[in-house]
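These are my notebook entries on a single protein chain. I set down what I looked up, in the order in which I looked.

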Amino acid sequence: MDEKVTCELCDGNVRLDDALFDEQAELYFCDLGCFEEWADENFDEIVKQYRQLHLYHAG
Ligand SMILES: [Zn+2]
């Protein structure tokens, strides 16, 4: 089967087998280029999520 998904950045249709999936945001991307551009535009949100997941007081 040739299932298609939609790239979050460029709205392009991409085969599921070729797409990248962001399991945190649950979004699909064509390739790393689209992901990186999306990440640039959503930097604040990504930092917030990273902080909630990975940052703790050391003491
Ligand atoms: Zn794309």
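**Entry 1: confidence.** I noted at the outset that this is a predicted model. I then looked up the mean pLDDT of the protein chain, which is 95. I found that 100% of its residues reach 70 or more. By element, strand 1 (residues 4-6) has the highest confidence, at 98, while helix 2 (residues 43-54) has the lowest, at a mean of 94.

**Entry 2: the core.** I asked which residues make up the largest nonpolar core. There are 6 residues in it: Leu9, Ala19, Tyr28, Phe29, Cys30 and Cys34. Setting aside its neighbours within four places in sequence, I found Cys34 in contact with Cys7, Leu9, Cys10 and Phe29.

**Entry 3: backbone angles.** I recalled that most residues other than glycine have a negative phi. Asp11, which is not a glycine, has a positive phi of about 60 degrees. I located Asp11 in the loop between strand 1 and strand 2 (13-15). Glu26 also has a positive phi, near 55 degrees, and I placed Glu26 in the loop between strand 3 (20-22) and strand 4 (27-29).

Entry 4: Is Asp11 buried or exposed? I recorded Asp11 as exposed because it has 8 C-beta neighbours inside 10 Å, and a residue with 12 or fewer counts as exposed. Glu26 counts as exposed because it, too, has 8 C-beta neighbours inside 10 Å.

How values were computed
Residues numbered from 1 in each chain as written. Predicted model: local features only at pLDDT ≥ 70, side-chain atom pairs only at ≥ 80, totals over all residues. Core = buried A, V, L, I, M, F, W, Y, C linked by C-beta atoms within 7 Å. Buried ≥ 20, exposed ≤ 12 C-beta atoms within 10 Å, placed from the backbone. Contact = placed C-beta atoms within 7 Å. pLDDT = per-residue confidence, 0-100. Helix = DSSP H or I, 4+ residues; strand = E, 2+ residues; numbered from the N terminus.
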